[in-house]
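Please read them with the coordinates open.

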Amino acid sequence: MTPGAGQGFSAFSAPRFTVDHMVIRLGRYLRLAGYDVFWSRKFRTHELITISNRDDRIFLTRNRHLSDEYPEPRHWLYVVPEHPVEQFRFVVGKLELGLEGAFSRCVLCNLPLAPVTDPEQQLDRVPVDVLNRRLPLRKCPGCGRVYWKGSHVHNTVRRLGLPLPDDRAGNQDGEVRCGRGSGPT
Ligand SMILES: [Zn+2]
């Protein structure tokens with residue numbers, strides 16, 4: 001069965017997703033929005049469906065005939081638009097997804113980010129000017145990547161309509177951008 005519109009999800013009932021190989025960019029955007037999204041190029045479609053069912057995830061695909069070709073996922077949604085940004089908006093609208101958890105998850109590892117309590121220890125991963133401006137930093141417990149406000153994903157944020165990252169440090173220069181640091185070498 002496909003999840004119907006109008007269900008609505010809150011932070012207390014956040015759905016988790018699996019994306020197939022055709023909509024991985026969509027999966028990245030959903031992670032940016034804070035959602036738990038699984039994908040892997042190592043698995044074939046029927047294996048992804050098995051994992052999706054096991055974890056009670058919603059399977060997102062652009063294969064309209066998925067259920068004719070594979071065992072039907074317990075929950076799945078045919079993503080109509082072709083363009084990833086439109087796909088993102090489609091899923092958010094269809095499932096009434098909240099966006100208040102944006103920028104709380106590592107786009108690479110799918111793990112929730114943790115606040116950085118020792119910014120001085122991040123010199124190898126964060127530019128000095130970012131540290132000097134005391135921007136709030138968050139770190140992935142998996143890959144060690146540090147995220148902060150910057151410019152890298154400004155356009156993505158605007159296109160996706162995501163709320164701006166939390167800025168508890170009260171950035172006074174009016175910048176409304178967010179970004180991410182370089183990964184570990
Ligand atoms: Zn990570």
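Which are the buried residues of α4?

1. The buried residues of α4 are Gln87, Phe88 and Val91. Around the axis they span an arc of only 100 degrees, so they sit on the same side of α4. In general, an α-helix has 3.6 residues a turn, so residues three or four places apart point the same way. The model is a predicted one, and local features are taken up where pLDDT is at least 70.

2. Val91 deserves a separate look. Apart from neighbours within four places in sequence, Val91 is in contact with Leu26, Leu30, Leu60, Leu77, Val79 and Leu97. Val91 is also among the residues with the most contacts inside the largest nonpolar core, together with Phe17, Val19, Leu26, Leu30, Ala33 and Leu60.

3. That core, the largest nonpolar one, has 36 residues. At least two of its residues come from each of β1, α1, α2, β3, β4, α4 (84-94) and β7 (146-148). The biggest contribution is that of α1, with four residues. Domain 1 (11-94) and domain 2 (114-180) each provide at least three residues of this core.

4. On the overall layout, the chain has six helices and eight strands. Along the sequence they follow the pattern β-α-β-α-β-α-β-α-β-α-β-β-α-β. The chain has 185 residues, of which 30% count as buried. Of the contacts between residues at least 6 apart in sequence, 64% join residues at least 24 apart.

5. The sheet is open and has four strands, in the order β2-β1-β3-β4, with parallel pairing. Its edges are β2 (37-38) and β4 (76-78), each of which pairs on one side only. Strand β1 (residues 17-19) pairs with β2 in the parallel sense over two bridges. In that pairing, Phe17 stands opposite Val37 of β2. Helix α1 (residues 24-32) packs on the sheet and touches β1, β2 and β3 (58-61). The direction of α1 makes about 150 degrees with that of β1. Helix α2 (residues 45-54) also packs on the sheet, touching β1, β2 and β3, and the direction of α2 makes about 175 degrees with that of β1.

6. The pairing continues through β3. Three bridges join β1 and β3 in the parallel sense, and Phe17 has Ile58 as its bridge partner in β3. Between β3 and β4, which run parallel, there are three bridges, and the partner of Leu60 in β4 is Leu77. Both faces of β3 are covered: Ile58 and Leu60 are buried on one side, Phe59 and Thr61 on the other.

7. How are buried and exposed residues placed on α2? The buried ones are Leu48, Ile49 and Ser52. Seen down the axis of α2, they fall within an arc of 100 degrees, so they line one face of the helix. What covers them includes β1 and β3. His46, Glu47 and Arg54 are exposed on the other side of α2.

8. Most residues other than glycine have a negative phi. Asp56, which follows α2 and lies in the loop between α2 and β3, has a positive phi near 60 degrees. Glu96 lies in the loop between α4 and β5 (114-115).

9. Are these two residues buried or exposed? Asp56 has 10 other C-beta atoms within 10 Å. Exposed here means 12 or fewer such atoms, so Asp56 counts as exposed. Glu96 has 12 C-beta neighbours inside 10 Å and is also exposed.

Notes
Residues are numbered from 1 along each chain as its sequence is written. This is a predicted model: local features need pLDDT of at least 70, side-chain atom pairs count only at pLDDT 80 or more; totals for chains, interfaces and linings use all residues. Two strands pair if DSSP finds at least two bridges between them. Two residues are in contact if their C-beta atoms, placed from the backbone, lie within 7 Å. Axes are lines fitted to C-alpha atoms, for helices over the stretch in contact, and angles run from 0 to 180 degrees between N-to-C directions. A residue is buried if 20 or more other C-beta atoms lie within 10 Å of its own, exposed if 12 or fewer, and partly exposed in between; C-beta atoms are placed from the backbone. The arc is that of the directions from the helix axis to the C-beta atoms. A nonpolar core is a set of buried Ala, Val, Leu, Ile, Met, Phe, Trp, Tyr and Cys residues joined through C-beta atoms within 7 Å. Domain bounds come from an automatic or database domain assignment.
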